[in-house]
Amino acid sequence: MKSPIPDYLNHVLEKTRPIERGAPADYIETLAKADTSKMAVALAMVDGNVYSAGDDKVEFSIQSIAKAFVYAIAIEDAGLDQVLKKIGVEPSGDRFNQLSLERNTNRPMNPMINAGAITAHTLVCSPTATLHERIDRILKVLSKLAGRQLYVDEEVYKAELRDADRNMALGYMLKAAGVISCDPREAVKGYVRQCSINVNVQDLAMMSAVLSNGGVHPVTQEQIIPHTSVRQVLSVMTTCGMYDAAGDWVSNVGFPAKSGVAGAIIGALPGQVGLATFSPKIDERGNSVRGVAMCEQLSRDMGLHMMDVSHVARSTVQTSVSNLVGTEHEKQNPACARKVVVFKLRGAVRFPGAERLTRALAYELGKPDPSEPGSGHHSDACAIVFSFREVFSLNFIARKLIHEDITRLLTERKVLCIIDPTGVLEWDTAKAEGGRHPKIVDNDTEARDYIGGTGCQAVSEDPEW
């Protein structure tokens with residue numbers, strides 16, 4: 001079975017593609033020439049699985065998205081107390097490059113505006129570190145987060161540095177206010193260089209998934225960012241990551257995010273998923289117009305708003321295999337002595353739980369793939385069972401995704417039986433595509449009788465379905 005998630009991501013792209021508002025960032029020559037037809041979206045689960053669609057291999061400069069990760073590095077290198085002495089955490093309400101400091105303290109308002117990000121850059125390694133040492137440290141950490149070696153786009157760096165007058169003014173303002181002690185020109189050059197690191201949406205989704213996973217890389221399992229730093233970074237991303245559009249973002253989309261003027265947006269929903277979008281046309285606030293629309297749709301469709309507490313996301317998916325055999329007193333049904341694959345869900349299932357089921361179905365029941373050892377080894381199963389006996393809730397996106405899984409399995413003419421004693425699946429027979437329905441039963445015995453005939457028994461590692 002093919003997973004429906006890539007199809008859904010392509011649907012999101014096509015839904016938002018007609019939006020023509022905005023324009024590429026024209027104050028950076030290289031970005032002004034960007035191909036505005038390019039669009040991409042990616043999701044990275046906290047166990048490392050990545051889904052993407054569109055121009056997902058197209059590279060672009062990370063720009064201000066680097067601010068979130070450099071802030072985390074600064075906290076690790078200088079300590080949170082020292083960072084808070086230099087940089088505030090309050091939304092500014094101003095443009096990202098505003099020439100302003102916090103009244104009374106002279107601190108930049110937060111690390112997501114340029115003044116705060118330049119300050120955070122100077123706290124990497126040590127106050128006496130060279131530009132090269134700071135960039136080397138930042139590049140190594142960002143490469144670890146992405147899972148591949150990243151590099152600086154020298155063309156973007158030179159183009160951005162040519163028009164860095166306003167950032168230079170911020171640097172001198174910070175030096176005059178006593179916020180930074182190093183050469184302001186070196187501080188700004190380093191800041192511009194970190195913004196010029198190239199990434200694609202798959203990189204950014206994985207980097208976001210590290211934040212969603214408490215600082216642990218989903219694939220390597222390395223603790224790249226300390227857990228306490230993750231909490232600080234996500235908190236500031238929530239209130240300040242989308243600049244002066246932060247209020248609209250939190251109410252409409254509802255997860256920590258950060259944008260960049262190259263057209264990318266990252267989002268991190270703690271414990272569930274990291275995501276990234278890309279489209280070069282930005283609005284007057286510096287946020288990708290199509291990217292915002294994509295994130296709004298993802299949040300609505302997938303229930304990603306962090307204030308949605310209608311269901312608690314605690315769920316597991318367990319796969320087992322049984323063989324049905326007849327009894328001595330019953331004539332064996334021809335379907336007996338055949339393999340049945342059982343997918344058992346537990347708990348409150350939201351998108352991550354449904355995604356795990358969908359992935360397990362594609363892996364276990366699809367065609368064998370040489371690049372994925374063990375895949376497709378249950379494609380010959382005579383029947384499939386979903387057990388929802390220990391599921392106490394499905395939120396709307398989990399239910400929708402599982403309904404799509406069911407439809408696809410039935411389209412492939414699989415024998416499907418669902419154990420659902422409390423009716424959490426809410427399968428509507430009136431709306432089933434082509435009149436195809438799974439068999440829905442209340443218990444294990446009814447499921448075995450349906451698949452193998454009355455009196456069949458299950459021989460498996462897990463006799464309970």
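Q: How many Å² do domain 1 and domain 2 bury between them, and what share of this lies on carbon and sulfur atoms?
A: In this predicted model, domain 1 and domain 2 bury about 1,200 Å² between them, and 60% of that area lies on carbon and sulfur atoms. The size of an interface is often given as the accessible area lost when the parts come together. Of the area that domain 1 buries against domain 2, Pro 4, Gln 272 and Met 302 supply 43%, which is more than any other three residues.

Q: Where do domain 1 and domain 2 lie along the protein, and what separates their centres?
A: Domain 1 covers residues 4-302, and domain 2 covers residues 312-460. Their centres, taken over C-alpha atoms, are separated by 42 Å. Contact between them takes 12 residues from domain 1 and 14 residues from domain 2.

Q: Why is the pairing of Asp 7 and Arg 408 called a salt bridge?
A: The term asks for a side-chain nitrogen of Lys or Arg within 4 Å of a carboxyl oxygen of Asp or Glu.

Q: Which elements give two or more residues to the side of domain 1 that touches domain 2?
A: They are helix H1 (5-16), strand S1 (40-45) and helix H13 (289-302), and H13 gives the most, with three residues. The residues of this side divide into six nonpolar, two polar and four charged.

Q: Why is Ala 447 called buried?
A: A residue counts as buried when its relative accessible area is under 20%. Ala 447, which is found in helix H16 (residues 444-452), has 0% relative accessibility, and therefore it counts as buried. Ala 447 and Ile 418 are 29 residues apart in sequence, while their C-alpha atoms are 7.5 Å apart in space. Across the protein, buried residues make up 57% of the 465 residues.

Q: Why is Glu 14 called partly exposed?
A: The label belongs to values between the limit for buried, under 20%, and the limit for exposed, over 50%. Glu 14 has a relative accessible area of 47%, so it is partly exposed. Arg 17, with a relative accessible area of 29%, is partly exposed as well. The side chains of Glu 14 and Arg 17 meet in a salt bridge at 3.1 Å, N to O.

Q: What makes the pair of Glu 222 and Lys 144 a link between distant parts of the chain?
A: The side chains of Glu 222 and Lys 144 meet in a salt bridge at 3.0 Å, N to O. Glu 222 stands in the loop between helix H10 (201-212) and helix H11 (227-240), whereas Lys 144 stands in helix H6 (residues 131-146), and the two are 78 residues apart.

Key: Residues are numbered from 1 along each chain as its sequence is written. This is a predicted model: local features need pLDDT of at least 70, side-chain atom pairs count only at pLDDT 80 or more; totals for chains, interfaces and linings use all residues. Side-chain values use heavy atoms; hydrogens and water are left out. Domain bounds come from an automatic or database domain assignment. Contact means heavy atoms within 4.5 Å. Buried area is the accessible area (1.4 Å probe) that two parts lose on being put together, summed over both. Helices (H or I, at least four residues) and strands (E, at least two) are DSSP runs, numbered from the N terminus. Ala, Val, Leu, Ile, Met, Phe, Trp, Tyr, Cys and Pro count as nonpolar, Asp, Glu, Lys and Arg as charged, and the others, Gly among them, as polar. Buried means under 20% relative accessible area, exposed over 50%, partly exposed in between (1.4 Å probe, protein chains only).
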